[in-house]
Amino acid sequence: MPIDKSLLTGSTTTLILKLLEEKDMYGYEMIETLANKSDHTFDLKAGTLYPILHGLEKKELVESYEQKADNDRLRKYYHLTKKGKNLLKEKQEEWTVFSNAVNSVLNGGLSYASV
Amino acid sequence: MQAYDLIKEYCNKVSEQIRWKKAKPVIYTEIENHLCDQRDAYIADGDNENIATEKAIKQMGDAVLIGQELDKTHKPKPQLFMIVIIGILISIGAFINYIIDDLPNSIYNFSILPYILAFVVFICCYYADFTLLGKYADKIYIITLIFSIINSLLNVDFESSRIWILPRPFVSSYISLIFPLVFALLVYSMRNKGSKGILISVLAYFPFAFILFKIPTLAGLILYTVTAFIILYFAVNKDWFTCDKKQGLIMVSIVAIITFIFGIINFLFRYSKELVPFLSPEKYKADYGFIYYRLRDIIQNSYLFGSSELVQNPQSIEILNHRSVDYLLTYLIYRFGLICLFLIIVLAILFSVIGVRKTLKQKSVLGSLVALSIIITFVLQVILAILDNLGYGLVSSLAMPFISYGKSALFINAALAGFMLSVFRIGEVFKDNYKKETKSFISYTDGKLIIDLKGD
């Protein structure tokens, strides 16, 4: 089922931070991992990813370093900073409250957690 | 058009949207690598190169829009706060030099022009491209060394410590302020040279150390030595030389310990007469303890706010009348109160703390080494100058940056501060040169003798 893109807009940053919490990744790897983990529900465009990544780096939420790949290509890896980890924690809590509230309304006023 | 040309065209279109020229190559490379990865994935799935490339470009999205979005993020970082601090320090320097120009023993040569020029030098270096220092790193070292050696040979009378550069004398002690930066550049040029690189760097420390050893005040040698070894430890820790880190640290430590021991012995030898009077100046206030005693006396009798002229010992004030250019901070305290010292210390601490923090955030080794060498030079100058002005300067200081009397130090410090802020302004997009591993002409791998005629 196609997903309305506006649903993804607000959570892209959280998803990127979450990916980087597991390990350092380069841009292409992030898109692939996100697509695989979400069963291709989140097929993020590279053109969307890079401006977000560079913005996160400017805010010091992630930092980058370069590493040479096996094919001699120089890859730019992103690493989640302490500041980024704190933001991710906040965003995850925010998402839990938000999704519980949406589920609660969708389930006729009952909390999804208590169903 | 060939498939790879499409990728280049796309990356160029993204780059064209970015106004900051220095950021373009970084973004170009990242986008290009992404497209190549994506293309290779499509090829692995069975597409031919042309179709795979077109699909990869389509997956990336509109080049102009991406470029515009990235343009919003990539801008040089203006260093307004630090510029203001430098501006205030230069203003304080101009003000205090104007005040002392009125004293009875003054040579009445105050002019505001050098201070304006120093600020212009500072701004020019701030807008300069610090990466040029890295481009000519080893050449800068060699030129500075040759210049210093010629100066040493021509200037036989080291005691006067003056080189005559038209039309005004340039005090050679102040050359020591640029030696840490020049040494840092030499270390930068030793990338991937292994333990040989460390050895060359260590050896490169000595010529400048020897020159400074021959110049009267030890402050230059102390400043240069401390900075040089911090730079060496930093570079080894960053694996800049690409060799066993433990072995590198041992090499540097051995030389550091030997230098330290030699330094202590030399220090005790040079300052044997001053050491005891320095510790108890009141007992030796008639000879070697005179300056220490009088300066400490002035400070002890100073008020927090306002002039302490009426309560000061006339003999102590006499020092300020005769040597006010050497003890500007002391004079400032005497005339306007200790608050002036606190203000200058606060400004210096602010500048140093922000400087160190920004230095540690640098991604490139060149940016780190340049900024590190300059900020340590600044901090050590401040510490030595404050101790000296409070009567605790066993070793005569070089200069209080931007404040002390003397134009040589003023201009050198202005240029150094400008370069450091240039690193903070544009350093984020600078990448240390990536060198491909060069293959030898003949190699032996997996039982095959390979002769590489193309050499690529």
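With 14 C-beta neighbours inside 10 Å, Thr242(B) counts as partly exposed; a residue is buried with 20 or more other C-beta atoms within 10 Å of its own, exposed with 12 or fewer, and partly exposed in between, the C-beta atoms being placed from the backbone. Thr242(B) lies in the loop between α11 and α12 of chain B and has a positive phi of about 50° although it is not a glycine. Asp239(B) is likewise placed in the loop between α11 and α12 of chain B. Its phi is positive, at about 60°, and Asp239(B) is not a glycine either. Asp239(B) counts as partly exposed because it has 13 C-beta neighbours inside 10 Å. Most residues other than glycine have a negative phi.

## Basis of the model

This is a predicted model, in which local features need pLDDT of at least 70 and side-chain atom pairs count only at pLDDT 80 or more, while totals for chains, interfaces and linings use all residues. Residues are numbered from 1 along each chain as its sequence is written, and chains are lettered from A and ligands numbered from 1 in the order in which they are written.

## The α11/α12 pair

The axes of α11 (residues 219-237) and α12 (residues 245-270) of chain B come within 9 Å and cross at roughly 170°. Axes are lines fitted to C-alpha atoms, for helices over the stretch in contact, with angles from 0 to 180 degrees between N-to-C directions. The two helices, α11(B) and α12(B), are therefore roughly antiparallel to each other (angles over 145 degrees).

On α11(B), the residues in contact include Phe229(B), Leu232(B) and Tyr233(B); on α12(B), they include Leu249(B), Val252(B) and Ala256(B). Contact requires C-beta atoms, placed from the backbone, within 7 Å. The residues of this contact comprise seven nonpolar, four polar and one charged. Here Ala, Val, Leu, Ile, Met, Phe, Trp, Tyr, Cys and Pro are nonpolar, Asp, Glu, Lys and Arg charged, and the others, Gly among them, polar.

## Chain B as a whole

Chain B contains 19 helices and four strands, taken as DSSP runs numbered from the N terminus (helices H or I, at least four residues; strands E, at least two). Of its 456 residues, 41% count as buried. An automatic or database assignment gives domain 1 (3-75) and domain 2 (80-429) of chain B. The C-alpha centres of these domains lie 48 Å apart.

Technical notes: Parallel < 35°, antiparallel > 145°, perpendicular 65-115°, else oblique. Contact = placed C-beta atoms within 7 Å.
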